[in-house]
Amino acid sequence: MKSSSQNFTKITLEDFPNLKKNKIGIVVSEWNKDITSNLLNGAQEKLIEFGIKNENIKISWVPGSFELVYGCKELSKQNLDAIIAIGCVIKGETDHYDFICNAVSNGIMQLNISCSIPVIFCVLTDHNKNQSLDRSGGKLGNKGAEAAIAALKMISFK
Ligand code: DLZ
């Protein structure tokens, strides 16, 4: 299996020596829950591996990826250091896929402009379920774990 962090510069525990007090919000979409649950597990495990306390990870569920933006906006009012938005949009027979992908990616980009904390984009936008399975703990790693690393890097950036 590919390393979940191979697209990023390699990091070690020493890169993030003191994350005991940092708080991270994760907003997760219920749509395609089998996939988003795996992404959530990947993110949570990676955050804990690097020293974030489990009680400092606030997880909130929303119905679908379209609602991730509102969920992240609400969580951004709490005392958190970063937010990860987790969703999975799979192409169907209509244009719904394009509308949701555009809305959620633009919405999260806007939050990154308006909020004082980073909002990490962990939304799979796949053409079929196999692509999503490959990226949520399958042969292409776990994008949730990659999103967790991105969140930690952005906390240290700040
Ligand atoms: C309606 C819909 C469809 C067709 N497909 C997906 C999807 O693949 N992934 C996803 O996260 N959500 C989907 N949704 C639900 C929308 O995101 C949203 O929850 C509803 O349109 C209600 O606003």
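Strand S3 gives the most to the shell around the ligand, with three residues. Strands here are DSSP runs of E, at least two residues, and helices are runs of H or I, at least four, numbered from the N terminus.

A word on the model. It is predicted, so local features need pLDDT of at least 70 and side-chain atom pairs pLDDT 80 or more, while totals for chains, interfaces and linings use all residues. Residues are numbered from 1 along each chain as its sequence is written, and side-chain values use heavy atoms, with hydrogens and water left out.

Back to the shell. S3 (82-90) and helix H3 (96-114) are the elements that give two or more residues to it. Among the surrounding residues are Trp31, Asn32, Cys88, Val89, Ile90 and His96. By class, the shell has six nonpolar, five polar and one charged.

Now the polar contacts, meaning N or O pairs within 3.5 Å. Glu67 places a polar side-chain atom at 2.5 Å. Phe66 uses a backbone N or O atom, at 3.1 Å. On its own, the ligand has 480 Å² of accessible area (Shrake-Rupley, 1.4 Å probe). The protein covers 73% of that.

Last, Asn32. This shell residue sits in the loop between strand S1 (24-29) and helix H1 (33-49). Its phi is near 55 degrees, a positive value in a residue other than glycine.

Notes: Near = heavy atom within 4 Å. Polar contact = N/O pair within 3.5 Å; in protein donor to acceptor, adjacent residues only side chain to side chain. Nonpolar A, V, L, I, M, F, W, Y, C, P; charged D, E, K, R; others polar.
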